[in-house]
Amino acid sequence: MLSGSDWTTLTVALAGVGGTMGATVLAQRARRVEVAEQNRRAALERLQDREDRAAQTKRELYAALNATARAYRTAGRDTVLALRRGETVVADALDATRQAYYDQYAQAQMVLGATALDVASEVNQCLGAGYHLVRHLPLDASGAGLLPRTDAQLIQAKRWFAGPLSDAVYLLREALRAELGVNGAPSVEQLEAKVVALSQARDALQQERRQLQEQQEG
């Protein structure tokens, strides 16, 4: 039979074992919590990295679309101005800027939001209208000079490039800035109203072209 001192020794020993086991369990639990927290932070960092890279890719794509649209419009305008000065123009430069723009536009269509896509689609049609205006002009303006009907077409083209098409390219930039969340960008309502105005201007251009063609044929 255990004496009182033996019981005391046994109790102390059991308490020591229990304390060691409890400390081990607590340490293991703390380690699991620490590992879980490290994994959570690592997952958040990976997610943030993916989002940052996606945002950077989008900014680069939008910047390229904006730049090529501006270059396309500038090339068309410069062609019109050169023809009005009686210079001979090579169409390759305009076609090259047109192709560069279309390459970027095709990529942007895959990622643009609904409003920005509506803007880009209308701007694309406005740029196309400008291109067709230029392509219906005689690119060789040297020699005896331009015929009266050609001069009327040049005036029409110059007005389109300096007015509605200039507004269209500017609107594209604003829509892309809004898509990227840039402060000061126009609202959805403002963008939609300007798209309607551009569409109306493009319709008016088509009507003017038909009237001019009828006058030439008459």
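Arg 85 is exposed, its relative accessible area being 55%; here exposed means over 50%, buried under 20% and partly exposed in between, with a 1.4 Å probe and protein chains only. This is a predicted model, in which local features need pLDDT of at least 70 and side-chain atom pairs count only at pLDDT 80 or more, while totals for chains, interfaces and linings use all residues. Residues are numbered from 1 along each chain as its sequence is written, and side-chain values use heavy atoms, with hydrogens and water left out.

**Overall build**

The protein has six helices and zero strands, and its pattern along the sequence is α-α-α-α-α-α. Helices (H or I, at least four residues) and strands (E, at least two) are DSSP runs, numbered from the N terminus. Of the 218 residues in the protein, 29% are buried. Among contacts between residues at least 6 apart in sequence, 78% join residues at least 24 apart; contact means heavy atoms within 4.5 Å.

**Core**

The largest nonpolar core has 41 residues, and Leu 127 and Trp 160 have the most contacts inside it. Such a core is a set of buried Ala, Val, Leu, Ile, Met, Phe, Trp, Tyr and Cys residues joined through side-chain atoms within 4.5 Å. The elements that give two or more residues to this core are H1 (4-84), H2, H3 (114-135), H4 (148-162), H5 and H6 (188-217). H3 gives the most, with ten residues. Leaving aside neighbours within four places in sequence, Leu 127 is in contact with Ala 69, Tyr 72, Arg 73, Tyr 101, Leu 165 and Val 169.

**Helix H2**

Helix H2 covers residues 92-108; at 1.5 Å a residue its 17 residues should span 24 Å, and the end C-alpha atoms are 24 Å apart, which agrees. The expected span is 1.5 Å times one less than the number of residues. The buried residues of H2 are Leu 94, Thr 97, Tyr 101, Gln 104, Tyr 105 and Ala 108. Seen down the helix axis, these residues fall within an arc of 105 degrees, so they line one face of H2; the arc is that of the directions from the axis to the C-beta atoms.

**Helix H5**

Ala 168 lies in helix H5 and is buried, with a relative accessible area of 0%. Beyond its neighbours within four places in sequence, Ala 168 is in contact with Val 123, Cys 126 and Leu 198. Glu 174 also lies in H5, which covers residues 164-179, and this residue is buried at 8% relative accessible area. With neighbours within four places again left aside, Glu 174 is in contact with Ala 185, Pro 186 and Leu 191.

**Salt bridges**

The structure holds six salt bridges, each a side-chain nitrogen of Lys or Arg within 4 Å of a carboxyl oxygen of Asp or Glu. Three of them are listed here.

| Pair | N to O distance |
|---|---|
| Glu 87 and Arg 85 | 2.9 Å |
| Glu 122 and Arg 202 | 2.8 Å |
| Arg 159 and Glu 208 | 3.3 Å |

Glu 122 in H3 and Arg 202 in H6 are 80 residues apart, and their pair links distant parts of the chain. Both Glu 122 and Arg 202 are buried. Arg 159 in H4 and Glu 208 in H6, 49 residues apart, also link distant parts of the chain. Arg 159 is partly exposed, with a relative accessible area of 45%, and Glu 208 counts as partly exposed at 32% relative accessibility. Salt bridges that share partners join Arg 173, Glu 174 and Arg 177 into one network.
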